[in-house]
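Subject: Structure handover

Hello,

Here is the structure I promised to pass on. Please open it alongside this note.

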Amino acid sequence: MAGTSSMIVAGLTAAALATVGYLGHRAAETVPPDLRRQASGSPAPAPKAPRGNHTAALPPRSGLGQRVVYSLGRDRVWLVDTGDKVRRTFGVSPSTVDPAPGAYRVTSRSGRVTGSDGVPVEHVVRFASVDGTVIGFSAAVDGSAPVLDPTERTGGIRETRADGAAMWRFATIGRAVVVVP
């Protein structure tokens, strides 16, 4: 009898956690535009200075399970396996339009396309859209970093080709992407 009760409690707890996670994700996707962080038409903020020696440390409260974590303030990405084991972390060059902090999912991928700045890119992994600007990770085929024009709305978060290849292997359709401040 005690074993059955504990299984029922465990099942109800798992269902409650799944429901809270789903509702949090839906809430993040349906935030009214006037409550979102302003991104349209404004230049990308200057990268913040690293905080001590913790640049590569996984940010707290960045989700659970296998996921991509993207820090807006640190311009850094973590590819995280179950148990919060960081598979890889690397710096990125931000786009001019940032997604709001929250939970997303990889929605589409392209092996090779031309970026919104006219540069051929590969390993494109898209996960968000802000006022019609699609946000995703990509690597320039020529290895160059983007030259940002703050008057242009771009959503490409650039990584090196090696980091882009790692992202491509890890961030399949449906993979969680958590954006933190």
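Below is what turned up, starting with the overall layout.

This is a predicted model: local features need pLDDT of at least 70, side-chain atom pairs count only at pLDDT 80 or more, and totals for chains, interfaces and linings use all residues. Numbering starts from 1 along each chain as its sequence is written, and side-chain values use heavy atoms, with hydrogens and water left out.

**Layout**

The protein has two helices and nine strands. Both kinds of element are DSSP runs, numbered from the N terminus: helices are H or I with at least four residues, strands are E with at least two. From the N terminus the order is α-β-β-β-β-β-β-β-β-α-β. Of the 181 residues, 37% are buried, meaning under 20% relative accessible area with a 1.4 Å probe, protein chains only (exposed is over 50%, partly exposed in between).

**The sheet**

Four strands form an open sheet in the order S5-S6-S7-S8, with mixed pairing. Two strands pair if DSSP finds at least two bridges between them. S5 (108-114) and S8 (156-159) stand at the edges with a single partner strand each, so one side of each lacks a neighbour in the sheet. The twist averages 30 degrees from one strand to the next. Helix H2 (residues 161-170) packs on the sheet and touches S5, S6, S7 and S8. Its direction makes about 60 degrees with that of S6. Axes here are lines fitted to C-alpha atoms, for helices over the stretch in contact (heavy atoms within 4.5 Å). Angles run from 0 to 180 degrees between N-to-C directions.

S6 (residues 120-130) and S7 (residues 133-140) run antiparallel, joined by seven bridges. Val 125 has Phe 137 in S7 as its bridge partner.

**Aromatic rings**

The whole structure holds three aromatic pairs. Rings of Phe, Tyr and Trp (its six-membered ring) pair if their centres lie within 6.5 Å; planes under 30 degrees apart are stacked, over 60 edge-to-face, the rest tilted. Tyr 70 and Phe 137 are edge-to-face, at 5.7 Å centre to centre and 85 degrees between the planes. Tyr 70 is in strand S1 and Phe 137 in strand S7, 67 residues apart. Both Tyr 70 and Phe 137 are buried. Tyr 104 and Phe 127 are also edge-to-face, because their centres are 5.7 Å apart and their planes at 70 degrees. Tyr 70, Tyr 104, Phe 127 and Phe 137 form one aromatic cluster.

Tyr 70 has 0% relative accessibility. Its C-alpha atom is 4.8 Å from that of Val 179, 109 residues apart along the chain.

Regards
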